[in-house]
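Hello,

Here is the structure I promised to pass on. Please have a look, then read the notes below.

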Amino acid sequence: SSFHFFCCFSMTARLSFPIFFAFVCIFVYECHSAKLLGQDPGAIVTIGGEALASGLTKTLPNVFTSKLQNQTIASIAGTTRALGIFDVTYNITDLFLYNFEFGEIEIATIDNGFEIELTGIVCNVSFNWYYKDQSFFIIHVSDSGSGTMDFYDGKYEIKMKIKENDGRPHFDITKNNLALGPVDLDLDGGANWFYDLFNFVITPVVKRQVQDKVQDIIGNVFDAVNNEIDKIPTTLPLVENIAFTWTLVSDFETNESGFGSFNSAAYFVPQNNENASPPFAVQSIPSLVNSETAQVIISEFTFQTLGWALYEAGSLNVTIPFGTTSDWRLLLPALYRAYPKEDVEINLVFNVYPSFTLNSTGLTFSAVPYMNWNIVSNGTVTNAFTLLVQLSANIDLYFEDTMLKGKAAIPTFDMSLYSSNIGDFSLFQLETAVNTVLYAVLLPTINGVLRDGIPVPEVLGVTLKNPMIEFETGYMYITTALAVGGNSTNSTATATESYYTFLPYPMMQNLFAQ
């Protein structure tokens, strides 16, 4: 039994691979152990490339600046025959990749991953040069200077498969190929024959070294992300003795429509037994609810595991002092007659899991706790009577800044006398007392978890804009417009941000800046 994340990415649109990659990595941190492989998804997250691309390309130059620009390339030295007459020894030093730009990006799905193509690559390299020509060991001419090489119209292809590895996502790069295009060579000084020699002999070597350098950097970025993912704790402590556990349950899945899907399992657990599995089956939920390019669909199962975890952690079983029998003399004369002038405590006990249900009207919490009215005398606790309370409360889910939060409303309830050691009595006068206990004790426990919220962070400049929450029987879904730099995208290109549940996203946010 598990809570699942199922993340779908529509990749028919153009999108920057570093930004998209970071976006994916942030989301797929949510993973645990491989024991839940093959489970149905309990939540589905769908992101459309077109809606996302409008904002992501604005931050892409910063990514290239931090990772691909201002890179030192290894020096080149050698000897060759010039004009078929004399030998030339050359040294190309201080090779420096100072600019790397792209034109357009296309992303397509492949089996278990993506194929990313950047076109219109522009790459600028500066260097210093020196040569001397010699024949029969007699030095004839030497010269030195500086120069630049401006490559243009290049293409970069990356294929990556996203595999499940010990319950975590692993980015397997199956193709990492940069093909720089034609070059404009500019030498400050030097003979014409040296320009020709440089262009035909040295330029191809520089080109290979630049391509290898960029490919190594990108490969190292993926390796670094894989290493960071492996360090992410799979169980995160929350509040009220509750933790949150997740696991990736399959390899990345793609379909012919250009969507990619992360199937991930996650659920609430008691901190005193983090290896426990919730005793619920995961309901089938739709992978898409409408034609939007981005949606978040969350199963009822998610919330059911919260009720189970609270129960197993004992967080709902509470005892509070409730005055003395003298205070209840008028409302409960039978209690006062049986135990005059004794202390009273109320013990709230849950013998079954509280339940969370989703339908078209929203999220509802329901429970059937026992309310024990006990007498405390000289350290001895004696049960006077026990009420059985059937209660329910609507949960209001809302966004505050970038947080998905919840709050339980004042519950409605019915009560009955379950057992009594003071005889029969009317329950009418106890409604206010019961309501006080529920409002002062039970609701703060539930709301303690809900008010902390689920963070939906800014991802490289892309934030949520006016998110909307809708409910159906057995699941809920969220849709929203994306905002870039505080401005909403076109209303026809709405999307939903990933379901970042208690995610340490700043590490990924800063990954490309390190």
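First, the pairing rule: rings of Phe, Tyr and Trp (its six-membered ring) count as a pair if their centres lie within 6.5 Å. By that rule, the count comes to 19 aromatic pairs. Phe 356 and Phe 365 make up one of them, with 5.2 Å centre to centre and 55° between the planes. That pair is tilted. Phe 356 has 0% relative accessibility, so it counts as buried. Phe 365 has 1%, so Phe 365 counts as buried too. The cut-off for buried is under 20%.

There is also an aromatic cluster. Phe 127, Trp 129, Tyr 131, Trp 193, Phe 194 and Phe 198 form it.

Keep in mind that this is a predicted model.

Next, helix H3. It covers residues 192-231, which is 40 residues. At 1.5 Å a residue, H3 should span 58 Å. Its end C-alpha atoms are 56 Å apart, so the two values agree. H3 still bends, by about 45° at Ile 202. A proline, Pro 204, follows within four residues.

Now the protein overall. It has seven helices and 27 strands. Of its 514 residues, 54% are buried. Take the contacts with a separation of 6 or more: residues 24 or more positions apart account for 71% of them. The accessible surface comes to about 21,500 Å². Carbon and sulfur atoms hold 47% of that surface.

Best wishes

Note on methods. Residues are numbered from 1 along each chain as its sequence is written. This is a predicted model: local features need pLDDT of at least 70, side-chain atom pairs count only at pLDDT 80 or more; totals for chains, interfaces and linings use all residues. Side-chain values use heavy atoms; hydrogens and water are left out. Helices (H or I, at least four residues) and strands (E, at least two) are DSSP runs, numbered from the N terminus. The expected span of a helix is 1.5 Å times one less than its number of residues. The bend at a residue is the angle between axes fitted to the seven residues ending there and the seven starting there. Buried means under 20% relative accessible area, exposed over 50%, partly exposed in between (1.4 Å probe, protein chains only). Contact means heavy atoms within 4.5 Å. Accessible areas come from the Shrake-Rupley method with a 1.4 Å probe; for residues, only the protein chains shown count as cover. Rings of Phe, Tyr and Trp (its six-membered ring) pair if their centres lie within 6.5 Å; planes under 30 degrees apart count as stacked, over 60 as edge-to-face and the rest as tilted.
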